[in-house]
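Dear colleague,

Please find below the structure that I am handing over to you.

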Amino acid sequence: MSSPGKYIADKLAERKSLDLYRTLKPESTLADFSSNDYLGFARSIELKDKIDKEVNSLSHYLNGSTGSRLLSGNLTYTEELEQQIAKFHNAEAGLIFNSGYDANVGLFSSLPQRGDTIICDELIHASIIDGARLSYANRYTFKHNDIESLDAKLKQANGNCYVVIESIYSMDGDTPPIQDILNLADSYGAALIVDEAHAVGLYKKGMISELGLEDRVFARVVTFGKALGCHGAIVLGSNDLRNYLINFARSFIYTTAASVHQIVSVKMAYEMLDEADGLISVLKNNIDRFNQNVKSPIQPMIPSLSAIQCLPVYGNHNARTVAEQVQKVGLDVRAILSPTVSVGEERLRICLHAFNTPAEMNLLIDTLNNLKYAR
């Protein structure tokens, strides 16, 4: 009989030998160019004060939710917030999950059935991949943002077919040809599902609302841990979809509900988002400034009009080394290594924010333009 302890030790040793070993790091004191806090809500004193005031205004509340929402953990407050968020995003209904991971696992493990088909962009988020794996549906991927590749996969589809994309991709920061994908999906009778995690905030209500396509998209997943600065997620769609997920999504049914404080945080963040036009304008100006001035000598930047900007640096060791050069001048820029991205796709992932100062932006641009790197 083999030893679990030896298996663990061997796998960790293998990771280290291949330069793939992951470790946790303490919070950074450097200028933030790595977090998903695009509008600065996570660090906002105004949001904290709004949350405290709202919590204190409630007649009585529990520290914990005490159970799943189907037992003791449901609140009228939560259901009212779901309705408010759905209205904000021009959706019929929504269901809150404890995290974006829970939302995607719950949606994709419960909705597609044996004989159905899920077709995902090859760069789709890991949570969607994991949810799809838990379903009994046929699964295909198409080349990133490639309409012809998607068309070829749609020709192979059976049963109910779900095409899955992100409106802004988390590792490349680019946007797919959503209108073309939607038109193609419609021509095959396929349903389009869009993960809006990194679009909400930059595009106030998300990319789908920005394009006016709410009524044509089957479902959207909006997370609260990026520009909203909180935690959790909501699946937006029809009333029937909401009721289906309540009945069949295991990551909703069998988990303790979010606490009152978490739900209040989301409610107050949406109040701030509704008035965040100035912050969004600053963020977009920082993105424009970055794109107009960065001319890295290493590799061309991956084209992106979002807050996520990526500089390819091939190889885990090289990516770490270049990231350290940037960190030494006081900027928190992180290397994204394989296996998080495919081997040969390693990069610096740079996140821009509304709170990054002109001095920080200048230092970032100058540092990237003067990087030293020999392959």
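Predicted model: local features only at pLDDT ≥ 70, side-chain atom pairs only at ≥ 80, totals over all residues.

The structure contains 17 salt bridges. In one of them, the side chains of Lys50 and Glu271 meet at 3.2 Å, N to O. Lys50 belongs to helix α2 and Glu271 to helix α11 (residues 260-273), so this pair ties together parts that are 221 residues apart in sequence. Lys50 is partly exposed, with a relative accessible area of 24%, and Glu271 is partly exposed at 36%.

Another salt bridge links Arg216 with Asp186, with the closest N and O atoms 2.6 Å apart. Because Arg216 sits in the loop between α8 (207-211) and β7 (219-223) and Asp186 in helix α7 (residues 178-188), the pair ties together parts that are 30 residues apart in sequence.

Together with Asp49, Asp274 and Glu275, Glu46 forms a patch of negative charge on the surface. Glu46 counts as exposed, at 51% relative accessibility.

Strand β2 (residues 93-97) is mostly covered, 5 of its 5 residues being buried. Ala93, Leu95 and Phe97 point one way, whereas Gly94 and Ile96 point the other way. Strand β2 runs antiparallel to strand β8 (residues 233-237), and 5 bridges join the two. Within β8, Val235 is the bridge partner of Leu95.

Yours sincerely

Terms used: Residues numbered from 1 in each chain as written. Heavy atoms only, no water. Patch = residues over 30% accessible without salt bridge, like charges linked within 9 Å, V, L, I, M, F, W, Y side chains within 5 Å. Areas by Shrake-Rupley, 256 points an atom, 1.4 Å probe, with all protein chains shown as cover. Salt bridge = Lys/Arg side-chain N within 4 Å of Asp/Glu carboxyl O. Lys, Arg positive; Asp, Glu negative; His and termini not counted. Charge placed at Lys NZ, Arg CZ, Asp CG, Glu CD. Buried < 20%, exposed > 50% of the residue type's maximum accessible area, 1.4 Å probe, protein only. Helix = DSSP H or I, 4+ residues; strand = E, 2+ residues; numbered from the N terminus. Pairing = 2+ DSSP bridges.
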